[in-house]
Amino acid sequence: MTQIGLRARLLLTSTLVLGLGLGLTAWVLDRSFTASVVAGAQEQMKLLIYGLLGAAEDAEGTLAFPQAPLEPRLQQPQSGLYATVTDGAGAVIWRSPSLAFARRPADPHDAANDARLTPGTFRFRETDTRFEMSYRVIWETAGDRTFTFHLTALQRPYRAAIASFRRTLMLGLIGVAAALMAAQVFAVAWGLRPVAEMARRIQAVETGEQSRMGDAYPPELVGLARNIDRFIDHEVSSRDRYRRAMDDLAHSLKTPLAVLRNALAGTPSGSEPLLREQLDRMESAVTHQLSRALAARPVVLAGRAELASVVARLRNALRTAYAQKDVDIELRIAPDLMVRCDERDLMEMLGNLLENAFKYCARRVLVEASGGAMVRLTIDDDGPGVPSELRRDVLARGARADTAQPGQGIGLAVVAELAASYGGSVTLEAAPLGGARAVLDLPGAPT
């Protein structure tokens, strides 16, 4: 499963939080503004009813409105604001001029509901298209008769104000969101810059471009950088100790074995084969343990090696060693091709592969390499090749395809173990020249 990067995690999380926060803010503001518009309409309608109460006059047991209402919209037909006054029986005794010459909305009053309305209290109702308010009063000068004042206001202007507010709010929040997102991207990039720099330096250490992490980091990362540097120092010193110990062990053991082998010439002929067999086993065990200690460890930090230079040096040495064969070796390697590998380990791997090619070829050897994230090097020869059923087996320690040649059968196994320790591999195939092809894959390094 692909892991999400730190930058993507922070941006995704902050975007979700920002979206949730702005959405909640928009909802609260919209609800608050809508409630304030409705409350404002309600207060305005109360004031209009109070104005109608003030304009009403007693006229022989009923009410009359000789003066024009204070609100101009009650005078204007189809203004969206309408008023009626009913008596205790529900009969309409006055209508505002705004109801004249216009299709009157449904009567906002109901005699039964008006009878249940407590005198001196307001009743407010909101429908899909209108605001309705009623107020019942006992008129003492009209013989304590009850009258109900009804006021109806269409919601259209209020809804228009709410819609305009929502558009303005949406545009404003989009602008705020864009500004906050830009600031957020900048803040995340700036905040993660030390982490990105640390990751770049770790990669540079892995590829051999630099040897230490340094300490130019924020306080939270300084301890980690120092621990990585300590680990680098420990790794380098451990590798050096391994090599020195293995070299010392090799010299200390190979010399006594060589002396014993030379001394076999003076032993009785009957015991010589047995002693040689035991010496071969001892030498094979020594070589096996030395190569295992050197190749089996995982390589965390590696240097950089120039492939063409290493191959050229090995070619010159093998031409001298196999001068009697007059091998025609052709190199097709770019001069700046680099691999992420310790040069001594690269010499060990290529030395085994090239020596096998020189040993078994008839006359010709071809070495090619192509670069990339993984560098692929192929070594072809025109010898007898390796049977397909044995190609995997000869990479195992102690296995040999040709028992006629001297050796312990561990060269290719060492190559395989060393290549695997660097994250690479080695395989055997059929070569176009007719013999064997050894394919070595190793991590590439920047030039």
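This note goes through the predicted model point by point, from the overall make-up to single contacts.

1. Ground rules. Numbering starts at 1 along each chain as its sequence is written, and side-chain values use heavy atoms, with hydrogens and water left out. Because the model is predicted, local features need pLDDT of at least 70 and side-chain atom pairs count only at pLDDT 80 or more, while totals for chains, interfaces and linings use all residues.

2. Overall make-up. The protein chain has eight helices and 14 strands. Helices (H or I, at least four residues) and strands (E, at least two) are DSSP runs, numbered from the N terminus. Of the 447 residues, 37% are buried. Buried means under 20% relative accessible area, exposed over 50%, and partly exposed in between (1.4 Å probe, protein chains only). The chain exposes about 24,900 Å², and carbon and sulfur atoms supply 57% of that. These areas come from the Shrake-Rupley method with a 1.4 Å probe; for residues, only the protein chains shown count as cover.

3. Contacts along the chain. Take contacts with a separation of 6 or more: 62% of them are between residues 24 or more positions apart. Contact here means heavy atoms within 4.5 Å.

4. Largest core. The largest nonpolar core holds 41 residues. Such a core is a set of buried Ala, Val, Leu, Ile, Met, Phe, Trp, Tyr and Cys residues joined through side-chain atoms within 4.5 Å. At least two residues each come from α6 (307-321), α7 (343-360), β11 (364-370), β12 (374-381), α8 (411-421), β13 (425-430) and β14 (436-443). Helix α7 gives the most, with seven residues. L307 and L346 have the most contacts inside this core. Beyond four places in sequence, L307 touches I333, L337, L346, L350, A369, V375 and L377.

5. Second core. A separate core has 28 residues, including L48, A55, L81 and V137. In soluble globular proteins, nonpolar side chains tend to be buried together.

6. A nonpolar patch on the surface. L24, W27 and V28 form it, with about 320 Å² of accessible area together. Patches are made of residues with over 30% relative accessible area and no salt bridge; like charges are joined within 9 Å, nonpolar side chains (Val, Leu, Ile, Met, Phe, Trp, Tyr) within 5 Å. W27 lies in helix α1 (residues 6-55). W27 counts as exposed because its relative accessibility is 54%.

7. Salt bridges. The count comes to 17. The rule asks for a side-chain nitrogen of Lys or Arg within 4 Å of a carboxyl oxygen of Asp or Glu. E71 pairs with R73, with the closest N and O atoms 3.4 Å apart. E71 is buried at 18% relative accessibility, whereas R73 is partly exposed at 23%.

8. A bridge between β7 and β3. R145 and D87 meet at 3.9 Å, N to O. R145 sits in strand β7 (residues 145-154) and D87 in strand β3 (residues 81-87), 58 residues apart. D87 is buried, at 12%; R145 is partly exposed, at 33%.

9. E368 and R332 meet at 3.2 Å, N to O. E368 is in strand β11 and R332 in strand β9 (residues 328-332), so the pair ties together parts that are 36 residues apart in sequence. E368 is partly exposed at 25%, and R332 is partly exposed at 40%. Salt bridges with shared partners join E330, R332, R364 and E368 into one network.

10. Strand β3 pairs with β4 (residues 92-95) in the antiparallel sense, over three bridges. Two strands pair if DSSP finds at least two bridges between them. The bridge partner of T84 is R95 in β4. Four residues lie between the strands, and G90 takes a positive phi near 95 degrees.

11. Hairpin of β13 and β14. These strands are antiparallel too, with six bridges. S425 has D441 in β14 as its bridge partner. This hairpin has five residues between its strands, and G434 takes a positive phi near 110 degrees.

12. The loop between β11 and β12. A373 is found here, and counts as exposed because its relative accessibility is 69%. Beyond four places in sequence, A373 is in contact with P443 and G444. The C-alpha atoms of A373 and P446 are separated by 9.1 Å, with the two residues 73 apart along the chain.
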